[in-house]
Amino acid sequence: MSFETTLLASLAAVALALPALAEGTIKVDDAYARSSGKAAKAGAAFMMIQNQGDTDDRLISVSSDVAARVELHTHKIDENGVAKMVRVEEGFVIPAGETHMLQRGGDHVMFMGLSAPFEQDATVPVTLIFEQAGEVELEIPVDLARQDKGGHGSHSN
Ligand SMILES: [Cu+2]
């Protein structure tokens, strides 16, 4: 085996060894996590969740070791037109065959009481828990520089 084929073979092995980002019918793409500075005690994660199955599913909770509390949040506009974050106890429905976006200014995963600051390019281990699909484990890359439309408002409590 030449050096080059050896290299190609090891690259292929690395590609195969990368963790799958989803199991079963739920597929998660384009996930990233951020916080708003080195001293931030809170952070959030955003992603695209696809339900490739034939039955509706629901993201009911989320867990991670990186924060004291991890919750499902959304933004609501109050009577003054100000976006406020609120916890969504019932979780997010992901209808069969559809995609649900967790994005800035909308639904998101919230980390409160970070055990350590989010460092650029580090990864945050997160477990999503679905009513049907069960647990889906993710390693979400931290991207502090990414800009999306909308903003992540300050916390309301
Ligand atoms: Cu939040």
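In this predicted model, the copper ion has four protein donors, namely His73 through ND1, Met85 through SD, His108 through NE2 and Met110 through SD, at distances of 2.1 to 2.2 Å. The angles that the four donor atoms subtend around the copper ion run from 86 to 120°, which makes the arrangement tetrahedral. That class requires all angles to lie between 85 and 135 degrees. For reference, the ideal angle for four tetrahedral donors is 109.5 degrees.

Along the chain, the donors of the copper ion are spaced as H-x11-M-x22-H-x1-M. Met85 belongs to strand E5, residues 83-87, and His108 to strand E8, residues 108-114, so this pair ties together parts that are 23 residues apart in sequence.

Tyr32 sits in strand E1 (residues 26-35) and Phe46 in strand E2 (residues 42-51), so the pair ties together parts that are 14 residues apart in sequence. Tyr32 and Phe46 are both buried.

The other pair consists of Phe111 and Phe118. Their ring centres are 5.4 Å apart and their planes stand at 80°, so the pair is edge-to-face; the cut-off for that label is over 60 degrees. Phe111 is buried, with 0% relative accessibility, and Phe118 is buried too, with a relative accessible area of 7%.

Technical notes. Residues numbered from 1 in each chain as written. Predicted model: local features only at pLDDT ≥ 70, side-chain atom pairs only at ≥ 80, totals over all residues. Heavy atoms only, no water. Donors = N, O, S within 2.8 Å, 3.2 Å for Na, K, Ca; no water. Tetrahedral: all angles 85-135°; square planar, octahedral: opposite > 155°, others 65-115°. Helix = DSSP H or I, 4+ residues; strand = E, 2+ residues; numbered from the N terminus. Buried < 20%, exposed > 50% of the residue type's maximum accessible area, 1.4 Å probe, protein only. Phe/Tyr/Trp six-rings, centres within 6.5 Å; stacked < 30°, edge-to-face > 60°.
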